[in-house]
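Trainee: Before we talk, could you put the sequence and the structure on the screen?
Mentor: Here they are.

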Amino acid sequence: MALKGNLHDFSFTQLLNLIHLARKTGTLAIDGKGSAARVAFREGKLVYATTGGADGRLVGMLIRSGRITPEQGKQIPENKSDRELSAMLVQANLLTKQDLDQMVRNTVKDVVERLFAVTDGIFRFEPNVLPDDRLLADPPINLDNIIMEGTRRLKESEKLQDELPNLEVTLRFTDRPDARLRNVNLSVDEWRVVSYINPKNSIRQIMQANGMSEFQIRKIVYGMLQAGLVELMQPAGGLAALVGARPPTPPVQTFTKEEKRSVVNRLIDRIRKM
Amino acid sequence: MQTVKMVITGPFSAGKTEFIRTISEIDVVSTDRKITTDAERSQKDQTTVAMDFGRITVDDDLVLYLFGTPGQKRFDFMWEILSEGMLGFIVIVDSSRPETFREARSILDTFRGYAATPYVIAANKQDHEDAWQPDDLRIALKIDGAIKVLPCVANDKEAVKSVLLELLYSILDTMDQSAD
């Protein structure tokens with residue numbers, strides 16, 4: 001039975017945690033907006049990962065790590081499997097097995113670390129399916145540290161969400177900026193946000209206009225708020241009026257402990273016989 | 001006449017009404033209404049806006065009532081009222097819709113806050129090809145190992161009986177532990 005869902009509902013960190021705890025073997029396919037990836041696991045440990053745009057073969061890894069040039073890569077026959085190529089490289093003393101293992105581990109970790117930023121996209125975990133002809137991390141990579149790092153990022157995101165829960169509010173520049181503003185240096189992304197600050201634009205609209213994620217916009221706005229550069233403008237009205245009166249509570253029947261035990265046993269007998 | 005109640009809760013369209021309908025000896029008193037939002041309509045045509053109400057008569061002196069909560073968050077003011085004096089509760093989760101897991105966890109936390117009564121998780125729609133297995137659901141929902149996460153198909157009477165019985169066994173276990 002495949003695990004399917006959307007990262008918007010079940011995050012990449014949660015998926016890694018599930019795979020780790022359940023010691024699953026298989027391949028996780030992620031198809032996000034502008035990002036696709038395949039990540040493989042053996043008994044809950046990471047063995048392989050590649051993104052949609054990158055060549056997941058050993059040749060691609062060798063080129064990206066600068067071990068060979070793209071021209072040299074083109075001379076390697078396409079039908080040569082990763083295992084054959086790695087054996088050839090080691091036999092020819094061009095690379096040690098340790099070099100190869102380290103390169104695969106670094107590549108796999110890099111891919112997975114980037115996937116923590118993908119918060120929307122379809123995922124599907126195919127159990128007991130591993131890439132046939134790819135060089136897998138040996139030994140497999142323990143997910144503990146990777147999950148901890150992902151969790152740290154997730155917590156940062158949650159903290160920002162707590163600090164700035166409502167993206168429908170608007171921003172305005174502070175009327176009387178104080179000394180804190182004197183040495184503010186803004187990044188390109190911050191300038192892009194600043195250019196849209198206007199009481200008519202909600203934070204969400206600014207985010208959409210700049211093609212940013214909720215995490216990015218929250219981080220930038222939170223920084224500006226802390227620097228005293230901008231202020232939040234709350235929408236008119238409040239939530240208090242939405243809270244209605246509650247209907248009266250019906251009387252509750254109470255039992256002594258022995259009565260309750262008797263009731264539960266009678267219920268068990270009755271349901272068993274149904 | 002003694003009456004006891006169990007509450008059947010869970011996200012919208014998880015299968016609460018079906019669960020009660022399968023086991024109740026009376027036609028379920030349901031207050032289904034036409035769904036008004038497109039997102040909800042894509043899941044089903046009608047939904048429970050107040051509560052479902054089923055009954056199992058044990059004997060001349062004892063009746064079990066099953067109350068199904070409305071699934072949509074905007075009716076959550078009903079939940080606390082329904083949970084008053086419950087013997088235990090069942091959280092029904094649609095195992096094939098991970099987009100509802102976060103809400104299921106939130107509902108579970110809310111009900112745990114109302115009363116320290118025993119509960120079980122019913123991993124419903126296990127007959128669906130996309131259903132997550134109960135063990136995976138346990139991890140996804142961060143359910144403690146001491147809590148039962150049970151496979152369920154809400155229109156299968158034996159499966160529903162099994163979930164109810166497991167909840168009753170949990171209630172007995174809790175009583176035994178508190179007696180120690």
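**Backbone, fold and contact**

Mentor: Asn93(A) lies in the loop between α4 (82-91) and α5 (97-115) of chain A; helices (H or I, at least four residues) and strands (E, at least two) are DSSP runs, numbered from the N terminus. This is a predicted model, in which local features need pLDDT of at least 70 and side-chain atom pairs count only at pLDDT 80 or more, while totals for chains, interfaces and linings use all residues. Residues are numbered from 1 along each chain as its sequence is written, and chains are lettered from A and ligands numbered from 1 in the order in which they are written.

Trainee: Does Asn93(A) count as buried or exposed?
Mentor: A residue is buried if 20 or more other C-beta atoms, placed from the backbone, lie within 10 Å of its own, exposed if 12 or fewer, and partly exposed in between. Asn93(A), which has a positive phi of about 60 degrees although it is not a glycine, has 7 C-beta neighbours inside 10 Å, so it counts as exposed.

Trainee: Is Lys125(B) buried or exposed?
Mentor: Lys125(B) has a positive phi of about 65 degrees and is not a glycine. The residue is found in the loop between β6 (119-124) and α5 (134-141) of chain B. Because 25 other C-beta atoms lie within 10 Å, Lys125(B) is buried.

Trainee: Which loop of chain A holds Pro139(A)?
Mentor: The peptide bond from Asp138(A) to Pro139(A) is cis, with omega near 0 degrees. Pro139(A) sits in the loop between β5 (121-127) and α6 (144-163).

Trainee: In what order do the elements of chain B run?
Mentor: Chain B has six helices and seven strands. From the N terminus on, they run β-α-β-α-β-β-α-β-α-β-α-β-α.

Trainee: Of the contacts in chain B between residues at least 6 apart in sequence, what share joins residues at least 24 apart?
Mentor: Two residues are in contact if their C-beta atoms, placed from the backbone, lie within 7 Å. Of the 180 residues of chain B, 44% count as buried. The share of those contacts that joins residues at least 24 apart is 71%.

Trainee: Which element gives the most to the side of chain A that touches chain B?
Mentor: The contact takes 31 residues from chain A and 31 residues from chain B. On the side of chain A, the elements that give two or more residues are β1 (3-6), α1 (12-21) and α10 (257-273). With eleven residues, the one that gives the most is α10(A).
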